[in-house]
Amino acid sequence: LTFPLLFVTLLVSFGSSMLYGYNLAVVNSPAVHIKAFYNATWSQRYGHGLASGPLTLLYSLTVSIFALGGLVGSLLVGVLVERYGRNGTLSRSALLVLLASGFMGFSRELGSPEMVIIGRSITGLHSGGCCGAAHGSFLTARSPTAHSQGTGEDFITPMATGSNLRGFLGLIPSIFICLGVFFAQLLGLPELLGEDRFWPLFLSVVVIPASLQLLLLHCFPESPRYLLIERNDVCRATEGLHRFLGTPNVQDMIKEMKEEQRSLSSVEMVSVWQLLRDRSVRWQTLSVVVVNAGMQLSGIDAIWFYTNTIFENAGIPASQIPYTTVGTGAIEVVAGLIGCFTIEKVGRRPLIITGFCAMGICSAGITVSLLLQTALPWMRYVSVACVVGIITGFCMGPGG
């Protein structure tokens with residue numbers, strides 16, 4: 001593991017994964033202020049405020065359109081990577097963040113809720129495209145062994161077959177997602193950017209990591225695997241391997257990537273329907289579908305989006321909610337680090353199963369505690385513990 005390889009791994013995760021985590025949680029603490037802005041703007045335009053139902057619907061659109069933008073970005077990432085390369089795709093994605101920050105940052109000055117919604121959709125587009133380029137291609141492509149592994153932990157693999165750091169480095173994006181969520185919760189405190197006058201700045205802070213990635217990413221070469229396999233540029237691929245490995249002896253890796261290039265040229269592309277009908281890979285396909293569906297349906301996004309509301313409904317005093325939320329974010333980071341250091345010893349399968357089981361038990365616990373909190377006031381603490389349990393289970397297992 002060399003310094004250039006580690007640095008580019010941290011840089012790409014900082015400018016993509018952390019922004020994804022930040023944008024997941026950034027709308028949580030300023031929800032009241034954003035709703036007040038929507039209501040005041042509507043009143044100025046039409047002479048009357050919004051009713052509770054339409055106001056909630058408008059705010060829900062602001063929250064959820066991030067996911068819709070992510071869907072569009074994930075569908076476009078393949079075309080963008082093929083045309084512009086990994087570095088080019090990440091750089092252009094960073095420009096999207098600058099545009100989104102402008103929309104959200106000046107939305108209140110221009111009295112336009114539409115600009116907040118557009119900005120959120122653009123950040124979602126960035127997250128879908130940038131994370132896809134970084135984790136699905138860019139970081140994988142820096143490893144000549146990643147193609148033979150084919151799993152998430154090999155996206156940031158050291159340039160050595162069988163390295164015990166493979167799982168550790170593969171969890172770096174997940175840790176940066178946790179850090180992004182934590183920083184969003186931390187900056188949302190009343191003492192920092194949690195006051196009403198700061199919420200446009202709070203939404204626009206994402207411009208800083210994106211700008212740093214945009215400036216520093218050009219200091220590194222394009223991914224060697226992309227250059228050789230997709231561009232057939234052996235010279236630049238060799239130079240890139242020299243740079244990332246810090247050794248002149250890279251012929252074995254060049255040979256391995258050429259073998260992969262030949263094998264890929266004979267591979268027949270199949271449609272989704274053909275993949276689902278192929279009995280030889282049915283269990284592999286089913287495993288991928290079940291794990292990813294479980295992650296998306298686990299409710300973790302709802303917890304990140306509406307943490308303050310959940311704690312408010314649980315009866316936590318309003319003055320304590322921001323600090324309780326920051327505490328859950330800190331526990332989330334710790335859980336991600338624990339998963340990072342234990343995955344090589346325990347294995348991914350036990351962590352995923354344990355994580356899903358913990359999330360299921362804690363989800364049931366939240367339901368029971370909310371039903372009983374009127375009769376049993378101490379149930380509010382059970383709700384908080386269950387929220388922490390869900391986040392911990394996700395970060396140590398499925399989220400890793």
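Predicted model: local features only at pLDDT ≥ 70, side-chain atom pairs only at ≥ 80, totals over all residues.
1. Let me start with the second largest pocket, whose volume is about 520 Å³. Its lining is made up of 25 residues, and those nearest the centre are Asn28, Ser29, Ala31, Val32 and Asn308. Helix 3 (31-46), helix 4 (52-105), helix 8 (172-187), helix 17 (307-313) and helix 18 (321-346) are the elements that each supply two or more residues to this lining.

2. Domain 1 (1-143 + 162-220) and domain 2 (299-399) each contribute at least three residues to the lining.

3. Helix 18 deserves a look of its own. Its 26 residues span 35 Å from first C-alpha to last, close to the 38 Å expected at 1.5 Å a residue. Do look at cysteine 340, where a kink of about 30° in helix 18 is centred. Just after the helix comes glycine 347, with a positive phi of about 100°.

4. Turning to the record, an unreviewed UniProt entry lists several spans as "transmembrane region", among them 321-343 and 378-397. In the model, residues 321-343 are 100% helix and 0% strand, with end C-alpha atoms 33 Å apart. For residues 378-397 the figures are 90% helix and 0% strand, and the end C-alpha atoms lie 29 Å apart.

Note on methods
Residues numbered from 1 in each chain as written. Heavy atoms only, no water. 1 Å grid on protein atoms, 1.4 Å probe; cavity = no way out; pocket = protein on both sides within 12 Å on 5 of 7 lines; lining within 4 Å. Points joined across faces, edges and corners; volume = space filled by probe spheres on them. Helix = DSSP H or I, 4+ residues; strand = E, 2+ residues; numbered from the N terminus. Domains from an automatic or database assignment. Expected span 1.5 Å × (residues − 1). Bend = angle between axes of the 7 residues up to and from the residue. UniProt positions renumbered as here; feature names shortened; annotations may be inferred.
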